[in-house]
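Dear colleague,

I am passing on the structure below, and my notes on it follow directly after. Please read them with the coordinates open.

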Amino acid sequence: MPLALKNKKVVLGVCGGISAYKSVELLRLLTKEGAEVYVSMTQNAKQFVGPLTFETLSGRSVYDEVFDQNSAASMEHIRAAEGADLMVVAPATANMIGKMAHGLADDALSTLAISFSGPVLVAPAMNDKMYSHPAVRANIEILISRGVKIAEPETGELACGTTGQGRLADPGSLMNEIKKLLLEKADLESVNILVTAGPTREPIDPVRYISNPSSGKMGYAIAEKARDRGADVTLVSGPTHLPQPVGMRVLSCQTASEMEALVLEYFPRADVLVMTAAVGDFAPESVLKEKIKKRDKEALHLKLHPTKDILLEAGRLKTRQMVVGFAAESGNLIESAREKLREKRLDMIVANDISAPGIGFQSDSNQVTILTPDGEPECLPLLKKTEIADLLLDRIRNARSGKA
Ligand code: CTP
């Protein structure tokens, strides 16, 4: 039978607590399913279980010192954390939860946690009074708001002799959570997705440019969700203030023609192009080398010329690729989007009404309608851009596999 977690890299963080012995069992279950496990322990964890146990079962040295004599081992773990599919902290103490919530990094495990940008599962284990303390609750809320999954501790007899909620979730149920996180949506494995995001910026002179208020959030959400679902992602990004995502190829550009060059370079090897970028339609005919002076000028006349329509070009060039566009409309949403779908030979277009208040460009949410050449328009409710990203990727996956 194939191993369910083959080729999956998991960082297992172990904190100090009596339940650290259960992490040994968890490690055993993970490796039995084929996962590559990189263990990191806090100094307190070593009071409960020796690193040798974890080293023997994982077949790798344990990362427990930031400034290790054995720097090869630390580098191996830092690289593993960069490319890992999941980080599991079990047991997670109140202290580690606090550090993760507030970005503190004063030991090996908290340093790994802050340098990891993939999915994280935290399994708290502590005394029930600590677990219900408002400070711990607030820190857990912070982690949840960042998308961290919490494996709720069980209720039962605690190490301190009392009974309450605080026992580390049992390794079997942790494995179920881990499998859910790792396997449920690995449905875009080896699909090559090219995503564009953000605005373009057309210089007028050395200090001025023409651009638009696109934040890049929609494109980045699609790129990150596609990565989480196993896709090989290339993100071509105009200038944004968003942190650079990891686990994908990120190519930065400024102007529409730079974006065009990158898209056309990577398009031939892509399976899917998702063009969320708000590409500027016009650029100054020439860029002045010197700053334009206001003196003696009553008006400034700029001559703009149209930029190339990148999506139109991709639609023309496509062979096996699926091409998905976005449409920013301020009226006649469906008709205008349908026209773009037809004109640019798209397989799908996501239309949004940019005149509606509180959604679109800079916002974390949007309300979009998805159109395909044959189907009825699908009007989605107001959703977070990360949720729209997942739903759109579901539609792309279905269309690629020939499902409605
Ligand atoms: N697009 C593109 N290259 C351009 C302009 C737009 O690839 N030079 C892409 C956008 O990324 C988007 C789609 O075309 O996926 C539609 O963009 P939109 O701005 O809504 O429409 P335009 O085609 O530019 O037409 P108009 O501005 O007249 O509505």
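The domain bounds used here come from an automatic or database domain assignment. On that basis the chain is divided into domain 1 (9-182) and domain 2 (192-401), and the C-alpha centres of domain 1 and domain 2 lie 39 Å apart.

Before the details, a word on the basis of the values. This is a predicted model, in which local features need pLDDT of at least 70 and side-chain atom pairs count only at pLDDT 80 or more, whereas totals for chains, interfaces and linings use all residues. Residues are numbered from 1 along each chain as its sequence is written, and side-chain values use heavy atoms, with hydrogens and water left out.

For the chain as a whole, the C-alpha trace spans about 80 × 55 × 40 Å along its principal axes. The chain has 14 helices and 21 strands, taken as DSSP runs numbered from the N terminus (H or I, at least four residues, for helices; E, at least two, for strands). Of its 404 residues, 48% count as buried, a term that means under 20% relative accessible area, with exposed being over 50% and partly exposed in between (1.4 Å probe, protein chains only).

Turning to the strands, eight of them form an open sheet of mixed pairing, in the order β12-β11-β8-β13-β16-β17-β19-β20. β12 and β20 (378-379) stand at its edges with a single partner strand each, so one side of each is left without a neighbour in the sheet. Pairing here requires that DSSP finds at least two bridges between two strands; β11 and β12, which run parallel, are joined by four, and Leu235 has Val250 in β12 as its bridge partner.

Helix α11 (residues 256-266) has Ala256, Met259, Glu260, Leu262, Val263 and Tyr266 buried. Their cover includes β8 (192-197), β9 (202-205), β11 (232-237), β12 (249-252), β13 (272-275) and α12 (310-317), where contact means heavy atoms within 4.5 Å.

Finally, two arginines have their charged ends over tyrosine rings: Arg60 over Tyr38, 4.5 Å from the ring centre, and Arg137 over Tyr131, 4.6 Å from the ring centre. The criterion is that NZ of Lys or CZ of Arg is within 6 Å of the ring centre and within 35 degrees of the ring normal.

Best regards
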